[in-house]
Amino acid sequence: MNYRERYEMRREEGRRRRKRNARASIITLLVSAVVVFAVWFVAGGSKSNKDVVSGVSSQAVSSQTVSTAAPVAASDWNLILVNHSHLLPLDYTLPGLAEVVSGQEVDQRIVDTTKKMLADAKADGVTIQICSAYRSVPQQERLYSREPAQEPGAPTSVQAPRASEHHTGLAIDVNCPEFPQLEEGFENTAAFRWLDEHAHEYGFILRFLKGKESLTGVVYEPWHYRYVGVEHAKIIKERKICLEEYLQSQ
Ligand SMILES: [Zn+2]
């Protein structure tokens with residue numbers, strides 16, 4: 001082996017060594033990345049990301065495991081929030097109204113379940129009447145203008161135009177022949193007791209609870225029921241919360 005050959009050999013060896021070193025550093029880098037990711041994942045770093053993607057908070061997920069029902073995104077049509085601080089969007093379009101009882105209409109998507117609820121109550125010997133359901137914004141304006149002026153911030157009974165969920169066609173006011181008024185005394189009727197026991201099975205919740213006035217902005221109304229869907233209604237009833245609290249936990 002002459003000088004030139006030895007030189008070439010050493011150069012070749014050097015090249016191989018550099019290649020080996022480069023391969024080793026890449027492997028070390030990859031292994032470190034996997035370790036870092038694993039530590040981050042175990043520490044729960046992925047949780048907030050998942051929340052953002054699915055729109056379901058850990059609280060909602062835990063209630064999901066407690067209850068058999070599964071909350072879904074708050075963007076669902078049946079979870080629309082309309083109240084004093086969430087006015088009906090100006091571009092809100094109803095999918096269509098359907099008559100539920102003579103002279104009263106609801107969102108056509110809930111007409112069957114609403115009719116079934118009344119029929120099943122009747123079969124149990126309880127008469128429930130719907131005295132108000134869908135109301136347009138101009139109808140609400142007329143109602144509101146007849147109301148005496150309210151103290152600002154105080155819970156009200158008649159909502160300002162666009163602050164009433166009756167605009168959505170998802171709310172009903174009910175009474176019964178023995179108690180035709182919309183007053184607190186309705187809670188002492190068989191109709192109220194039947195609804196208290198069964199309304200959630202049809203997707204309805206008692207919307208304005210006693211003790212939640214500061215959150216709903218509305219006085220206790222044992223006659224006002226709101227459709228949210230069976231899964232949500234069950235959880236809301238179980239947890240004795242109002243829709244505002246439920247949506248906040250989503
Ligand atoms: Zn109402």
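User: Two strands count as paired if DSSP finds at least two bridges between them. With that in mind, over how many bridges do S3 and S4 pair?

Analyst: Keep in mind that we're looking at a predicted model. Within it, S3 and S4 run antiparallel to each other. The number of bridges between S3 and S4 is three.

User: And in which order do the four strands of the open sheet lie?

Analyst: S4 pairs with S3 in the antiparallel sense, and S4 also pairs with S6 that way, over three bridges. The sheet is open and its pairing is antiparallel. Reading across the four strands, the order is S3-S4-S6-S5.

User: Which strands stand at the edges of that sheet?

Analyst: An edge strand here has a single partner strand, so one of its sides is left without a neighbour in the sheet. Neighbouring strands are turned by 50° against each other on average, direction ignored. The two at the edges are S3 (129–132) and S5.

User: What is the bridge partner of Ile172 in S6?

Analyst: Start from S4, where four of the five residues are buried. S4 and S6 are joined by three antiparallel bridges. Across in S6, Ile172 has as its bridge partner Tyr225.

User: Which residues touch the most other members of the largest nonpolar core?

Analyst: That core has 37 residues. Elements giving two or more residues to the core include helix H4 (111–123), strand S4 (171–175) and strand S6 (221–227). Leave out residues up to four places away in sequence, and Ala199 touches Met117, Phe204, Ile205, Leu206 and Tyr225. The core members with the most contacts to other members are Ala199, Phe204, Ile205 and Tyr225.

User: Is Asp120 buried, partly exposed or exposed?

Analyst: Asp120 lies in helix H4. Being buried takes 20 or more C-beta neighbours within 10 Å, and being exposed takes 12 or fewer. Asp120 has 15 inside 10 Å, so it counts as partly exposed.

User: How far apart in space are Asp120 and Trp194, C-alpha to C-alpha?

Analyst: Along the sequence, Asp120 and Trp194 are 74 residues apart. In space, their C-alpha to C-alpha distance is 10.0 Å.

Conventions. Residues are numbered from 1 along each chain as its sequence is written. This is a predicted model: local features need pLDDT of at least 70, side-chain atom pairs count only at pLDDT 80 or more; totals for chains, interfaces and linings use all residues. A nonpolar core is a set of buried Ala, Val, Leu, Ile, Met, Phe, Trp, Tyr and Cys residues joined through C-beta atoms within 7 Å. Two residues are in contact if their C-beta atoms, placed from the backbone, lie within 7 Å. Axes are lines fitted to C-alpha atoms, for helices over the stretch in contact, and angles run from 0 to 180 degrees between N-to-C directions.
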